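Hi,

Here is the structure I promised to pass on. Have a look first, and my notes follow below.

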Number of protein chains: 2
Amino acid sequence: MAEQAPASKEPEAGAATSKNALKKAQKEKEKAEKKAAAKAKQLVVTQQQEPSEDLAKNNYGREVSLSTDAPEINLRSLSEEHIGKPVILRAWVQNVRLQSAKMAFMELREEGNWAIQGVLQVTGDADAENAHVISRPMVKWTGALNPESFVVVEAIVQRPYEPVKSCKVANYELHIRKCFLIAAAPAMLGMTLAAANRPVSSFNDDEELREEASQTAVPGATLLTHLDNIVIHKRAPVQQAISDVRCEIKHLFRSYLRSHGFKEFEPPCLIGAASEGGANVFTLPYFNQEACLAQSPQFYKQMEIAGGRKRVFSIGPVFRAENSNTTRHMTEFTGLDMEMEITKDYKEVLLMLEGVLLHIFRGIKEHCAEEMELIRSIYPGDELLLPEPGKEVRLTFAEGQQLLRSEGPEEYRNVRDDEDMSTPQEKALGALIRKKFNTDFYVLDKFPEDARPFYAKIDPASAANGSKVTNAFDFFLCGQEILSGGQRINDPDELEDRIRVKGVDPKSPGIREYVDVFRQAGVPPHGGGGIGLDRVVAWCLNLPSVHLAAYYPRTPKRLFP
Amino acid sequence: MAEQAPASKEPEAGAATSKNALKKAQKEKEKAEKKAAAKAKQLVVTQQQEPSEDLAKNNYGREVSLSTDAPEINLRSLSEEHIGKPVILRAWVQNVRLQSAKMAFMELREEGNWAIQGVLQVTGDADAENAHVISRPMVKWTGALNPESFVVVEAIVQRPYEPVKSCKVANYELHIRKCFLIAAAPAMLGMTLAAANRPVSSFNDDEELREEASQTAVPGATLLTHLDNIVIHKRAPVQQAISDVRCEIKHLFRSYLRSHGFKEFEPPCLIGAASEGGANVFTLPYFNQEACLAQSPQFYKQMEIAGGRKRVFSIGPVFRAENSNTTRHMTEFTGLDMEMEITKDYKEVLLMLEGVLLHIFRGIKEHCAEEMELIRSIYPGDELLLPEPGKEVRLTFAEGQQLLRSEGPEEYRNVRDDEDMSTPQEKALGALIRKKFNTDFYVLDKFPEDARPFYAKIDPASAANGSKVTNAFDFFLCGQEILSGGQRINDPDELEDRIRVKGVDPKSPGIREYVDVFRQAGVPPHGGGGIGLDRVVAWCLNLPSVHLAAYYPRTPKRLFP
């Protein structure tokens with residue numbers, strides 16, 4: 001049986017096929033249909049006129065009645081050995097179309113992008129049980145199923161006349177003999193799957209703009225529409241693929257660190273005071289006191305090292321009460337954090353973090369090639385340029401600034417080695433490094449002390465020569481910071497001095513408790529770093545917003561879904 | 001060189017050795033010392049009188065100067081091939097003792113329970129560099145190091161005269177030739193490691209009782225003292241072992257589910273309204289609205305299924321604003337949650353959860369045998385009785401009640417099948433089941449509708465016969481609930497009906513959004529369950545409190561550390 005992809009009920013979901021091709025396909029379908037009908041005629045007594053009793057009545061509807069001999073399958077496990085045999089599939093109706101009163105086509109979709117074509121054609125046999133009769137009412141009922149309903153079908157696997165281009169499973173099709181509705185979708189979806197699978201048209205999350213934005217002529221829907229229709233948003237193959245890549249990045253981070261002797265732990269979210277300072281911190285009433293939501297697990301990672309662990313990591317939520325309504329910001333996001341004992345040099349930390357990130361970037365290229373291709377088909381972008389092993393790019397902050405001064409845009413001719421970079425500066429440097437070193441991923445090391453928090457260890461050599469840089473670094477992807485890390489001060493007196501230099505009172509809440517930990521017992525030198533998972537996912541995949549990388553993006557204006 | 005474990009500086013940390021044994025050991029030590037001293041005499045010009053210049057001055061102190069040819073080792077990798085060779089070890093001084101002006105013993109501890117004996121003895125050689133001289137000042141300085149300081153030593157690995165019973169590494173010792181202090185502990189620790197490694201004496205977290213409790217004559221310290229000295233608390237081998245088991249439980253949960261096709265996701269902590277009802281929920285100001293902290297990821301797990309995932313799990317924090325000051329409660333804990341599509345029957349969920357828990361219980365017995373033995377030496381308890389494969393115990397709630405009525409204590413003769421069990425009832429049933437079925441782990445299925453939330457699916461067969469039980473279950477360990485799960489209602493109208501039956505308005509905040517998700521598109525039948533990680537850890541290990549299982553326990557009275 002040869003057939004094009006069934007056209008969607010909604011015009012916007014239709015494939016861009018030329019009229020001629022459609023006509024040709026139509027003719028072929030009719031031919032095939034005639035042939036099949038002729039064959040069916042030999043089998044049944046009469047099917048010209050519908051009998052008063054529907055002989056197929058047990059083969060469709062809401063009352064599930066499947067053959068016990070047919071195995072349940074997943075589309076990804078479908079193989080040659082299934083051909084000609086009955087199988088059972090549970091799936092969503094992605095599209096359905098009545099070809100005629102006697103024939104219907106449907107696309108059935110499983111998790112991810114796994115879809116297969118199903119065919120339903122009036123037929124019947126003369127056996128007493130009428131087990132495999134397909135009647136006109138059954139074809140009509142099936143053809144009227146709402147897209148995104150969940151069904152179970154029993155069908156014979158066949159090879160299609162030609163590959164079904166619109167489905168991931170192109171080389172098999174299902175000749176349906178039973179079809180039952182398990183959960184119905186509404187007649188009118190809030191957003192079609194086809195729309196959900198297009199690029200998001202606008203990330204403006206101003207509720208008042210919602211209607212206006214959705215009425216514009218842009219081909220996709222706004223992020224607000226996506227989030228209002230979270231179920232369809234999530235079912236879109238592009239979102240399924242993004243979730244799969246996110247999953248894999250977490251897995252690669254965890255498995256790499258585990259294999260290097262790191263132990264996972266869970267830092268608390270509820271904390272007594274904000275150790276990183278009071279800005280952008282959520283507070284809440286907590287019985288007779290006030291609690292904060294942790295902005296980073298840094299303090300607790302260090303406490304694990306102080307508490308006798310050599311290497312730890314954590315994966316968990318962190319919170320920022322920042323009223324930033326941009327595509328780069330969220331109020332809750334997932335942090336991938338690690339901390340480790342330093343034996344000789346803080347470069348051990350830098351190399352470990354560089355190692356895990358390269359492991360992640362190379363790993364997703366290898367394990368998620370299909371997903372990344374699908375995502376690129378919706379959100380186009382270049383493949384990540386990664387350094388060859390042994391050719392990793394590690395510049396000092398001063399070298400980065402020098403590059404900007406000597407080869408960067410006019411406005412960066414006077415950038416200073418003792419002042420932090422701005423975001424546009426970072427972007428410009430990223431472009432320079434890509435051109436010069438052929439990589440999107442690189443490290444800037446030895447940040448000036450003014451650009452780092454009080455706990456950053458000053459490079460002793462630099463203190464001697466007066467330049468005062470830190471043993472701290474940032475990692476960049478395409479000119480955007482994805483990781484911040486470095487060596488922490490492990491001596492309580494040195495720490496207090498630095499806190500004072502930064503103009504903070506070492507006795508202030510949160511700070512005092514932090515310093516005191518280093519007074520409880522000898523704490524070895526250590527360092528670590530933190531990665532924002534959502535940003536890494538977004539920037540690896542060229543997504544226009546971190547909100548597409550998160551499962552449930554939290555913004556100052558949105559707490560639902 | 002034969003030597004007993006060095007006695008701690010604090011009497012309370014000393015091993016319970018008889019006086020005679022000590023005397024004998026003392027004599028042996030002296031003999032060994034004399035022999036070694038005689039040998040040393042042959043090597044050095046004179047060591048009778050300390051030279052005015054300390055020839056060992058580069059071999060100890062704060063300025064690290066190690067030989068470049070000695071490899072860094074971890075104690076767990078120490079082997080025969082190291083014998084007679086120099087190694088470098090970074091570790092904590094667990095105990096140190098000056099045996100005489102010429103000899104010191106120390107215990108050096110790495111992560112976990114890995115400790116080794118180090119010996120330091122006045123010696124010297126005649127080479128020009130004096131590289132391996134050990135002087136009296138060096139022995140004195142080393143002998144005066146504060147316990148829990150962090151040091152790096154260079155030493156020759158030797159086989160001890162007899163195994164060093166007090167150290168995990170009993171068959172090697174380190175003949176130290178260099179010792180440098182990297183991070184000093186205070187002269188007086190807030191709690192000794194030995195005290196930290198004893199059973200917690202009291203879990204009363206009333207701050208006013210702190211002093212009183214710590215002055216009682218009980219051998220251990222109170223939990224408050226432990227938490228005030230979090231660094232030492234965490235370094236105690238028992239806590240390191242508990243953390244290792246916790247780590248392994250998480251890993252086993254995750255790897256089992258991953259291998260069964262489950263995908264990890266991160267539910268949000270910040271939510272717009274409490275879908276499980278408003279009791280015990282933390283709320284906080286969130287820009288121009290109010291946010292809640294999630295009490296469970298249930299709603300979001302279901303949204304993942306609605307959104308096209310077949311099987312998902314999450315590991316993350318959940319919050320309860322419950323003013324319960326017991327050893328069973330915390331305000332923040334780690335939830336292990338899963339949700340899956342049901343194809344034929346909700347028993348698929350039950351069996352998957354039973355499978356993952358048995359995998360966990362069997363896995364820690366296999367992979368954490370040493371840690372569990374160590375923990376049992378501090379917190380004694382029986383080994384978990386697990387059912388043999390194929391002999392898992394699954395009773396219906398009614399069967400459980402029947403067992404209580406017929407074989408349980410007098411007061412449970414009239415328990416009813418349509419009323420939930422109390423905690424004492426659960427305990428009594430646990431004891432009955434242990435006796436009858438020889439297992440600590442079992443399932444109670446088909447809870448009455450009154451005992452379950454509105455989203456629990458009513459067993460259709462029971463609805464027909466009027467008993468109204470749910471397709472929902474609890475798992476128990478030693479009579480304590482560790483898991484709650486079951487089939488959820490996936491039809492929005494059925495869900496609304498149940499919400500009304502429970503006396504809740506389906507349009508109330510949180511509830512309306514919950515129901516609407518099922519109206520967006522067809523959602524397949526599904527179910528799942530949630531495990532409290534802290535409780536599973538505590539009850540697997542016979543810990544007297546979940547606060548010992550958590551990394552940073554959060555109680556109504558404590559947000560630090």
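Starting with the cavities: there are 12 of them of 30 Å³ or more. A cavity here is a set of points, on a 1 Å grid over the protein atoms alone, where a 1.4 Å probe fits but cannot get out, and lining residues have an atom within 4 Å of a point. Grid points are joined across faces, edges and corners, and a volume is the space filled by probe spheres set on the points.

The second largest cavity holds about 130 Å³ of space. It is lined by 15 residues, and Lys234(B), Gln239(B), Ser243(B), Ala550(B) and Tyr551(B) are the closest to its centre. By class the lining has six nonpolar, five polar and four charged residues (Ala, Val, Leu, Ile, Met, Phe, Trp, Tyr, Cys and Pro count as nonpolar, Asp, Glu, Lys and Arg as charged, and the others, Gly among them, as polar).

Before I go on, the ground rules. This is a predicted model, where local features need pLDDT of at least 70 and side-chain atom pairs count only at pLDDT 80 or more, while totals for chains, interfaces and linings use all residues. Residues are numbered from 1 along each chain as its sequence is written, chains are lettered from A and ligands numbered from 1 in the order in which they are written, and side-chain values use heavy atoms, with hydrogens and water left out. Helices (H or I, at least four residues) and strands (E, at least two) are DSSP runs numbered from the N terminus, and two strands pair if DSSP finds at least two bridges between them.

In chain A, strand β5 (residues 150-158) is largely enclosed by the rest of the structure, because eight of its nine residues are buried (under 20% relative accessible area with a 1.4 Å probe, protein chains only; exposed is over 50%, partly exposed in between).

Just after α16(A), Asn542(A) takes a positive phi of about 55°.

Val501(A), in helix α14 (residues 492-501), counts as exposed at 58% relative accessibility.

Cheers

Methods: On a 1 Å grid over the protein atoms alone, a cavity is a set of points where a 1.4 Å probe fits but cannot get out, and a pocket is an open set with protein on both sides within 12 Å along at least five of seven lines; lining residues have an atom within 4 Å of a point.
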